[in-house]
Amino acid sequence: MECRLVHNRVFSGVEVAERFAYYGIASNLISYLTGPLGLSTALAASNVNAWSGISCLLPVLGAFVADAFLGRYRTIIIASLVYVMGLALLTLSACLVPISKPSEHIARVVSSSPSSLLNLLFFFSLYLVAIGQSGHKPCVQAFGADQFDEKDPRERRERSSFFNWWYLSMCAGVSLAILVVVYIQETVSWALGFGIPCVFMVMSLVLFVLGRRKYRYVRRRQEEELNPFTRIGKALLTPSACRASDVEDATALVRLIPVWLTTLSYAIPYAQYMTFFTKQGVTMERTIVPGVKIPPASLQVLMGLLIVLFVPIYDRVMVPISRYLTKDPCGITMLKRIGTGMVLSSLTMVVAAMVESKRLKTAKEYGLIDLPETTVPMSIWWLLPQYLLLALAEVFTMVGMQEFFYSQVPTELRSIGLALYLSSLGVGSLVSSLLISVIGLASGGDGGNSWFSSNLNRAHLDYFYWLLVVISALGVFAFLIISRSYIYRRVDGV
């Protein structure tokens, strides 16, 4: 028991540091792209969604390498080194951009952009970070969950709790990054704002290596010494020639496909909070006290804080009550938890659309339609409900997806299982990027009639949000149909 507590603290510390590094870059990336790099709002949002999507898709490749060849521990070490290199080069690229105070460039497209060579260095560094995360993200969490013996009923319950507390640690790192790094990026310099995440990633690697002698390493099956992907592939192609357990594992993977597809309707709305939610906040009244303004990206910290508050309530109050009522060891089933979050995500976009309509109406009433750099007399706190609803959706859907995809795949493929959860978010971001590009071109490019005009007072983000309401509602309906017939994998005793 004491050893597992040590493991939890080590992995929680690693996750806090790594998420601090990642979100120190991701949470305010759109402001850097529209400021120092001089991109339009639509192009910047597409770039952020594309990078976020690829960052979430690449873990499938990283998990494959880990489960098939290197093992989770070695993959984490190599990926961490690549991660650090990417952050270091990102810091260097920011140092070379001749702009020191990004606050001067918020909410406008600059007339002079950095050279193509600097842009190339920046995007190369950014995608190097994505490659580093591809091996780190799925393997660290899977490796942490491996520290619990699934054959022990007590440890199996503790593993379910592990996913809750893991997500709490992740949100603590995100909140810290938004509070500290975003403020430094907005008021001091982007170079320092990118350099601090690099230092935290080094700390994450050191902390992980220090615990190496106390970890529990899961051994692969000895019989036949088959690569797990070969074993599953044979069971899919020639089931009659394989063992019943192999066929059951292969069938379990196939059953995950429709569930994965329906979760995309959650991932697409989720992609908006780091792009359009932030750009909305740029145009609104952000003064806290005279002379002090809240950075628009800092509202994201409220999501993290709410999750940090709600996860203990869920884990220590709601789960025991649910266990008593439902007799389920986890309180509610994983699919019910995911579905609850998807419904909340749909409600988030309804609220976001209504608030944006109110913002546009206010801008029109005050004659600010063609004055994009003038603050709309509407408090940024109007955005608070959509952030809080999205945070509640995260607690249910994100944690539920992590536990679901981890537990419903064969033991040797659990890095792949967690990569599947991440890939859903990745594909959702890429679909969001595609929607923005197509709708932007169809509605007038970056002109005055575009839904995504750089002048947000002439844009129509509210129309886009209502479109996402329809998409997410259809996804919830499909998810309910699929989840009713889903058969849980018996290996974990679910």
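This is a predicted model: local features need pLDDT of at least 70, side-chain atom pairs count only at pLDDT 80 or more; totals for chains, interfaces and linings use all residues.

Student: Why is α15 called oblique to α16?

Tutor: The axes of α15 (residues 414-442) and α16 lie 12 Å apart, at an angle of about 135°. Roughly perpendicular covers 65 to 115 degrees and roughly antiparallel begins over 145, so an angle between those ranges counts as oblique. That is why α15 is oblique to α16. As for handedness, α15 passes α16 in a right-handed crossing.

Student: And what makes α3 oblique to α4?

Tutor: Helix α3 (residues 41-70) and helix α4 (residues 72-96) have axes that come within 8 Å and cross at roughly 135°. Because of that angle, α3 is oblique to α4. The crossing of α3 past α4 is right-handed.

Student: Which residues of α3 and α4 make the contact?

Tutor: From α3 come Gly 62, Val 65, Ala 66, Asp 67, Phe 69 and Leu 70, and from α4 come Arg 72, Arg 74, Thr 75 and Ile 78. By class, this contact has five nonpolar, two polar and three charged residues. Asp and Arg are counted as charged, and Gly is counted as polar.

Student: How do you know whether Ser 52 counts as buried or exposed?

Tutor: Buried means under 20% relative accessible area. Ser 52 has 11% relative accessibility, so Ser 52 counts as buried. This residue sits in helix α3. Leaving aside neighbours within four places in sequence, Ser 52 is in contact with Tyr 22, Gly 426 and Ser 429. Across the chain, 57% of the 494 residues count as buried.

Student: How do you know where confidence is lowest and highest in the chain?

Tutor: The mean pLDDT tells us: helix α1 (residues 2-26) is lowest at 74, and helix α16 (residues 461-484) is highest at 95. Over residues 100-112, the pLDDT is below 50, and this stretch has 29 contacts in the model beyond near neighbours in sequence. The average for the chain is 82, with 89% of the residues scoring at least 70.

Conventions: Residues are numbered from 1 along each chain as its sequence is written. Side-chain values use heavy atoms; hydrogens and water are left out. pLDDT is the predictor's confidence in each residue, from 0 to 100. Helices (H or I, at least four residues) and strands (E, at least two) are DSSP runs, numbered from the N terminus. Contact means heavy atoms within 4.5 Å. Axes are lines fitted to C-alpha atoms, for helices over the stretch in contact, and angles run from 0 to 180 degrees between N-to-C directions. Angles under 35 degrees count as roughly parallel, over 145 as roughly antiparallel, 65 to 115 as roughly perpendicular and the rest as oblique. A crossing is left-handed if the near helix is turned anticlockwise from the far one by less than a right angle, and right-handed if clockwise. Buried means under 20% relative accessible area, exposed over 50%, partly exposed in between (1.4 Å probe, protein chains only).
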